[in-house]
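Please look through it once before reading the points.

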Amino acid sequence: MISLASLPEKLHEQVLRAMWPGEEPVLVARPVPTIVNRVSQPYIFFLVFAIFFVSLLVFCSGFAALPFLALFIALPVGGIWRTYWQMQRTVYIITERRALVVRATGRKDWQTLSWPLTAGLVKERVLRADGSGDLILGYESSRDAEGGTTIVPQGFFNLPELRRVEQILMDIAPVPRG
């Protein structure tokens, strides 16, 4: 994993703001930025579809549809770039009291998510063949105007050493007494 001092200046500043006075990090980790992940997969599908559709349009219209090419390609590429950008500006911290996610949500906007270290903190684990993976620590739900519910997993995503991070969480979290 990495040290707190090795973070980029803005990210380091936000992490220090998110931590309580006297709180020391036990672990500091960052996600591995990847182009293809669960968020970018719909964009990649759309990109392939858009290239096919625009190629068909250009062929049929005699190149009059070239402006659509830029639009249909810019949308999915922009979504993939934003996901990559956000992953580069995300840090995961485990202290002796809680687990934190600090991430940029815009150029000057930051979001901090926090979970107290309790038994059963990890709701779900996704382990990949290379040892990386995701730790789901909670879920956020929201309702749209039509009454539909969207549930978004929250936690540590694209961790390079998933088992190590999970073991640290289990070692620090209090053991339930039954």
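The points below go from the whole chain to single residues.

1. Basis of the note. This is a predicted model, in which local features need pLDDT of at least 70 and side-chain atom pairs count only at pLDDT 80 or more, while totals for chains, interfaces and linings use all residues. Residues are numbered from 1 along each chain as its sequence is written, and side-chain values use heavy atoms, with hydrogens and water left out.

2. The chain as a whole. Its secondary structure comes to four helices and seven strands. Here helices (H or I, at least four residues) and strands (E, at least two) are DSSP runs, numbered from the N terminus. In order from the N terminus, the elements run α-β-α-α-β-β-β-β-β-β-α.

3. Surface and interior. The chain has 178 residues, and 35% of them are buried. Buried means under 20% relative accessible area, exposed means over 50%, and partly exposed lies in between (1.4 Å probe, protein chains only). The accessible surface of the chain is about 11,000 Å², and carbon and sulfur atoms hold 61% of that surface. Accessible areas come from the Shrake-Rupley method with a 1.4 Å probe; for residues, only the protein chains shown count as cover.

4. Contacts along the sequence. A contact means heavy atoms within 4.5 Å. Of the contacts between residues at least 6 apart in sequence, 56% join residues at least 24 apart.

5. Helix H4. Which residues of H4 are buried? In this helix, residues 162-172, they are Leu162, Val165, Glu166, Ile168 and Leu169. Seen down the helix axis, the buried residues of H4 fall within an arc of 155 degrees, so they line one face of the helix. The arc is taken from the directions from the helix axis to the C-beta atoms. As background, an α-helix has 3.6 residues a turn, so residues three or four places apart point the same way. Arg163, Met170 and Asp171 are exposed and sit on the face turned away from the buried side of H4. The cover over the buried residues of H4 includes strands S1 (25-29), S2 (90-95), S3 (98-104), S5 (124-127), S6 (133-143) and S7 (149-159).

6. Salt bridges. How many salt bridges does the structure hold? There are six. A salt bridge is a side-chain nitrogen of Lys or Arg within 4 Å of a carboxyl oxygen of Asp or Glu. One of them joins glutamate 166 to arginine 125, with the closest N and O atoms 3.3 Å apart. Glutamate 166 lies in helix H4 and arginine 125 in strand S5, so this pair ties together parts that are 41 residues apart in sequence. Glutamate 166 is buried at 13% relative accessibility, whereas arginine 125 is partly exposed at 39%.

7. Two further salt bridges. Arginine 128 and aspartate 134 meet through their side chains at 3.0 Å, N to O. Aspartate 134 is buried, with a relative accessible area of 5%, and arginine 128 is partly exposed, with 33%. Glutamate 96 pairs with arginine 97, where the closest N and O atoms are 3.9 Å apart. Glutamate 96 is partly exposed at 38% relative accessibility, and arginine 97 is partly exposed at 39%.

8. Threonine 95. Is this residue buried or exposed? Threonine 95 has 0% relative accessibility and therefore counts as buried. Threonine 95 lies in strand S2. Its side chain makes a polar contact of 2.9 Å with the side chain of glutamate 23. A polar contact is a pair of N or O atoms within 3.5 Å; within protein, one must be able to donate a hydrogen and the other to accept it, and residues adjacent in sequence count only if both atoms are side-chain atoms. Leaving out residues up to four places away in sequence, threonine 95 touches several residues, among them Met19, Pro25, Leu100 and Ile172.

9. Tyrosine 139. This residue is in strand S6 and is partly exposed, with a relative accessible area of 47%. The side chains of tyrosine 139 and glutamate 124 make a polar contact of 3.0 Å. Tyrosine 139 also touches Lys123; the two are 16 residues apart in sequence and 9.0 Å apart in space, C-alpha to C-alpha.
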